[in-house]
Amino acid sequence: MSIEHLQTYLVYPNKGAVDPRLVSGTDVPLEGEVFRLLEDVYVKSERECSIDIAFNQPADDGGSNPCRALLLAYARAPSVATGLPLATRLAAHSTRRSALGLLFLATGMAGLQRKIVIARFAANSGILADENREALSVEFVERVFLRSVGSYKAVLYKDSVTDHGFWMAKAVDRQINSSETEVSRYWITEFLDSDFKTTSATGTRVLAVAMRNAAKATENLDIKKEITAAATLGPGLNDQVMTANDFLARLGLSQPARDAITGQMRHQGLLKEQFRFSAEEFNRQLPYKSVELHSGAILTAAATDFDQVFAHGEPNAEGQVTYTATGIVVSEKLEKTPR
């Protein structure tokens, strides 16, 4: 699975630019320092790229995903010319915050499948004053490339080169602290026109349903209370990228509570798949209603049962409402409260 073709492009942050710079590219010889560094990224991509993503499906069944179409064109005939539209697309979605970058396209055959690794590195913009030409040379790449070779974004595609191939990929972002942190939106969402393989709605729904079923199934009152608390606090994580395991850890659930929830997951693999948490979907699947009174009392119950659990009348002239609840005391705790 060695590299057979390697191209690089100097990508300017052209998004919103009044006078966008032209993207230039060149072939990289399959030898030398730049090649050795990219070969290392190419080989490591098999284990390093762990975030499952997929190209967005076109709204029109007869349409195509624009970025996937460019990738397929490159896969069929790898060259500087066929890779240039991908680099130009990245430039169009790169802001000054993402800054100047070097895009590498590395490809070879893995059995009957073509393997493509797309990697972006930060470039040393401090020496660009010396560049007054449109062409890009390998010598110049060496000068701007060797700044932070351990910091890059990469995505791995491996599939048969057919009209139906190259929908799925795996990504990594080593320009942030952890693979569990959100991969830059401009890279996955905008440039690649992709999303996490587990969609926001699906990942959130599976998690919420597991929590709901766990609360119903367990007879342990402490676990019920933990799940209720998590259901109340969960929406505060809206729009954050996480796995189901991350969600349970961030909310500090005990191991018994985690086990109760994970045992209800319809597919254990979803515990480690990343998705963007949706508070709207979470509340739709696991709604809890909470009422806080000015006296300091907080009443919480499942939204569907709240009016049955807490009976109440109409507000009086001062706007005060009396809530009553009847039942057998099954748990009582005294906790220290802040002064």
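Trainee: In which loop is Phe 166 found?

Mentor: Phe 166 is found in the loop between strand 6 (152–159) and strand 7 (168–173), where helices (H or I, at least four residues) and strands (E, at least two) are DSSP runs numbered from the N terminus. Please keep in mind that this is a predicted model, in which local features need pLDDT of at least 70 and side-chain atom pairs count only at pLDDT 80 or more, whereas totals for chains, interfaces and linings use all residues. Residues are numbered from 1 along each chain as its sequence is written, and side-chain values use heavy atoms, with hydrogens and water left out.

Trainee: What should I look for in the backbone there?

Mentor: Most residues other than glycine have a negative phi. Phe 166, although it is not a glycine, has a positive phi of about 60°, and Asp 239, also not a glycine, has a positive phi of about 70°. Asp 239 lies in the loop between helix 7 (221–233) and strand 9 (241–242).

Trainee: Is Phe 166 buried or exposed?

Mentor: The classes rest on relative accessible area: buried means under 20%, exposed over 50%, and partly exposed in between, with a 1.4 Å probe and protein chains only. Phe 166 has a relative accessible area of 0% and is therefore buried, while Asp 239, at 35%, counts as partly exposed. Gly 327, in the segment after strand 14 (323–324), is at 66% and so counts as exposed. Across the protein, buried residues make up 41% of the 339 residues.

Trainee: Which residues does Ser 278 touch?

Mentor: Contact means heavy atoms within 4.5 Å. Leaving out residues up to four places away in sequence, Ser 278 touches Ser 200, Thr 204 and Asn 238. Ser 278 lies in the loop between strand 10 (275–276) and helix 10 (279–285), and with a relative accessible area of 15% it is buried.

Trainee: At what angle do helix 2 and helix 3 pack?

Mentor: Two packed helices are described by the angle between their axes and the distance between the axes. The axes are lines fitted to C-alpha atoms, for helices over the stretch in contact, and the angles run from 0 to 180 degrees between N-to-C directions. Helix 2 (residues 66–76) and helix 3 (residues 80–92) pack at about 150°, with their axes 7 Å apart. Angles under 35 degrees count as roughly parallel, over 145 as roughly antiparallel, 65 to 115 as roughly perpendicular and the rest as oblique, and helix 2 and helix 3 are therefore roughly antiparallel to each other. The contact is made by Pro 66, Cys 67, Leu 70, Leu 71, Ala 73 and Tyr 74 of helix 2, together with Thr 82, Gly 83, Pro 85, Leu 86 and Arg 89 of helix 3.

Trainee: How many residues are in the largest nonpolar core?

Mentor: A nonpolar core is a set of buried Ala, Val, Leu, Ile, Met, Phe, Trp, Tyr and Cys residues joined through side-chain atoms within 4.5 Å. The largest one has 31 residues, of which Ile 53, Leu 103, Ile 118, Val 155, Tyr 157, Trp 187 and Leu 192 touch the most other members. The largest share of this core, five residues, comes from helix 2. Apart from this core lies another, of 27 residues, among them Leu 10, Tyr 42, Leu 156 and Val 172.
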